[in-house]
Amino acid sequence: MTAPRPLRWLLDALSSFWLSCTLLLLLALLTWLGTLEQVSNGLFEVQRKYFESLFLVHRVGPVSIPLPGATLVMAVLFLNLILGGIVRIRKGASTLGILVTHVGILMLLLAGWVKAYSSEDGHVTLFEGQSANTFQSYNRWELAILQPLEDGKLRETVAPQEDFERLAGASPVTLRSAELPFTVELTRFTPNARVLPKGPMVKAQLPVVEGYFVDALPVEKEIENNVAAVYAAVVEREGGARHESILYGLSRQPWTVTVGGREYGLELRREHYPMPFTVELDDFEKQDYPRLDMPKSFSSAVTIAEAGTRRQVTISMNEPLRQEGLVLYQASWGPSNARPGDPLFSTLAVVRNPADRYPLYACIVIATGLVLHFARRLVRHVRSQTPRTA
Amino acid sequence: MPRRPLRRAPLTLAGLALVCGLACDDGGSRELELGPSHEVEPVGRTIRWDASPAERHGISAQDFAGAKGASATAGAPAPDALAAAEQLHWTTPPGWVEQPPAMFRDANFLVAGDPSAECYLSTFGGDAGGLDANINRWRGQLSLPPLGAAEIAELPRVPWLGAEAVLVDFQGRWTGMTGDEQAENRRLVGLLQVQTEHSAFLKMIGPAEVIDGQLEAFRALADSFHAGHEGGHDALAEVALPAAGAAAAAAPATAAAAGADVQSTAALSWRAPTGWTRGPPKPMREVTYFSGEGRKVECSATVLDGEGGGLLANLNRWCGQMGAPPLADADLAGLERVQVAGVEGVLVRLERGAGATADANAERLLGVVGRLPGRSVFVKLTGPRDAVDGQRAALLQFCDSLRVLP
């Protein structure tokens, strides 16, 4: 029994070698265009437009060119490899290496997919002696409502950026929780702003609260440089009393309100991700080239505290720490204009990626497949060149 | 062409409405349920539950002063920009009304009690973006064109808070901090003391008819500021404040003491050595100076990102210009070390040889390279042999004074 003609045509098209070539060329094109556009629009925006999209429009002067996004291209490539490179490929000793190689490429695509949709990226920045049990996003914001508990801990209720990022005007979003004796109204989310005092000679475009107002700034192309602000109001459930303030991404302390005799703190902060351990920076070491102030290497000696145990680890540029599904890399240090003797901070990039090791395994599989294939070709070639002796 | 185009119209309109609705959705009034709470241990953090708005927002003082936006490493603890003001004391002029300190305003007054005129002192850690940028920011607020470096260098200097400050007096149409206000005939009198470590600004702004009568009070207030750790305070000395109504010219009456003023561009600040004359801008260079007899010695400073192509490559580029044999890696270790832009850099001395491409006047080259995190500074001094040697001390002083701005 054969498949109906349209289905067969579709299967032929999806498994064709020509489709593979087209998709690979499209990937190369998207990479090239994205790299060029990164100069003007920044890495985050380019990733979103070219690599995390199904479709996009690339503009060349006045001309708009519709293109498939890398997500769509890789999804079709995945299907193409399964159909053409696994299912429909002629099975036999001669194609064993190719088959294995295709499996490796599929693993690579799968790793990218897992990374894109289930990983968390951020950083921990510490001066010597400081410690942290969370890492924070480079670019995403969240509203955190903090409530101090008697044992010194905090009870946190968090609203993700999606809840308020489209608040351009005065129309509020109201956040409520059965656990809180108040609702929170957020208005005028500004993705990049500074908070200024309102003096007699200062005219504010946005409302003045507690003597301050939000001054909107152009959005930076490097999205991690933006500092957001939002107007917040706490409305008590009982009595309806209203408290207002400005939440700013660089504020050092939360805005505190007292409701029902209890204190609550509200803050706009980079999205926090918990770590199952505490990392404490014991010593940050920067080695310069001899007699020059040029960094040769830098590393962080840290203590990892977890469930009552402590162990010392050194994280350096090419030696990350892998612990509990997290990978901590030595990313950078600062302040960049520090003078000799100034305290330095160390920034550790933290990644939670379930597919962290997939690329390694995929490369091993691909290498195995290629060795199998070319070894067989080599043996055949050698045999064909050897004169037969009766 | 469809035979009955209107048949699909309702569907099309519904689709368009949906698309428009989605596109125009500004996230208007919504109610959302928060997720469940969770307990966390606040490791490495001390929360103050009584922080004032000024204490909460204080970090953006750097932005206000014209510095660049927040760093990418925003999670890093920031220096307390207001620390410098902790020990300041002053005497409020009679008739003035002292206001509570606010962010960026360590001392805050209504001039002569007039709500349309104010005076305030702002202090910052660092150079707050530099002298030129702050002067021209103030001029921009008054709709005045920016001053060039040479004009700024000629503004009067006065001793204030234990160091030298620039006195400005401008008059124009006030457009406000955010550029959207309109108030004619406003006068601004201010003092700017910009140093690498700390900066202080005293600014009096208001209707010219009000400010005209408050110059003595401004002087008295400025005189009264003193920092405890400085052991006293400086009077505004003999430099007279401009007369009432004389501000519009904004012309300096007294030339700056040569060699003492901090100058800057967007990337670099420095102190010009005595006797050096600033040259016109040139591509790639932050600044060019001429010195020596006949102004035959030329010195330029350049800032490049990263390593600027590499230390050895740049030194050998200079070797090529001078027709000198190229250096090898091993030669780097033997180069003299000097202070440049706050770091230890290398100094190379090259003599003109066969095949030189540099100007015929360049018989000798002294070059200094300093590598900072993420930036490199290149200073080149060329000219007749003896004249170059005569400017070596000035070159080292110039290099030492350089600071790369963030």
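Here is a quick tour of the charges, cysteines and surface patches in this structure.

This is a predicted model, where local features need pLDDT of at least 70, side-chain atom pairs count only at pLDDT 80 or more, and totals for chains, interfaces and linings use all residues. Residues are numbered from 1 along each chain as its sequence is written, chains are lettered from A and ligands numbered from 1 in the order in which they are written, and side-chain values use heavy atoms, with hydrogens and water left out. Across all chains there are 30 salt bridges and zero disulfides.

**Salt bridges**

- A salt bridge here is a side-chain nitrogen of Lys or Arg within 4 Å of a carboxyl oxygen of Asp or Glu.
- Arg155(A) pairs up with Glu39(B), with the closest N and O atoms 3.6 Å apart. Arg155(A) sits in strand β5 (residues 154-160) of chain A and Glu39(B) in strand β2 (residues 38-40) of chain B, so this pair joins two chains. Helices (H or I, at least four residues) and strands (E, at least two) are DSSP runs, numbered from the N terminus.
- Arg155(A) is partly exposed at 26% relative accessible area, and Glu39(B) is partly exposed too, at 42%. Buried means under 20% relative accessible area, exposed over 50%, and partly exposed in between (1.4 Å probe, protein chains only).
- Arg269(A) and Glu267(A) make a salt bridge, with 3.3 Å between the closest N and O atoms. Arg269(A) is buried at 7% relative accessible area, and Glu267(A) is buried at 9%.
- Over in chain B, Asp169(B) and Arg187(B) meet in a salt bridge at 2.5 Å, N to O. That one links distant parts of the chain, 18 residues apart: Asp169(B) is in strand β8 (residues 163-174) and Arg187(B) in strand β9 (residues 183-194). Both Asp169(B) and Arg187(B) are buried.
- Chain B also has a salt-bridge network linking Arg349(B), Glu351(B), Glu363(B), Arg364(B), Arg385(B) and Asp389(B).

**Cysteines**

- A disulfide would need two cysteine sulfur atoms within 2.5 Å. Cys299(B) is in no disulfide, and its nearest cysteine sulfur, in Cys399(B), is 6.7 Å away.
- Cys299(B) is buried at 2% relative accessible area, as is Cys399(B) at 0%.

**Surface patches**

- Patches are made of residues with over 30% relative accessible area and no salt bridge; like charges are joined within 9 Å, and nonpolar side chains (Val, Leu, Ile, Met, Phe, Trp, Tyr) within 5 Å.
- For the charged ones, Lys and Arg count as positive and Asp and Glu as negative, with His and the chain ends not counted. Each charge is placed at NZ of Lys, CZ of Arg, CG of Asp or CD of Glu.
- The positive patch brings together Arg376(A), Arg377(A), Arg380(A) and Arg383(A). Arg380(A) belongs to helix α6 (residues 358-385) of chain A.
- Glu128(A), Asp282(A), Asp283(A) and Glu285(A) form a negative patch. Asp282(A) lies in strand β13 (residues 262-288) of chain A and is partly exposed at 32% relative accessibility.
- Helices α5 (96-118) and α6 of chain A each give two or more residues to the patch, and α6(A) has the largest share with four.
- Tyr117(A), from helix α5 of chain A, is exposed at 54% relative accessible area.

Key
Accessible areas come from the Shrake-Rupley method with a 1.4 Å probe; for residues, only the protein chains shown count as cover.
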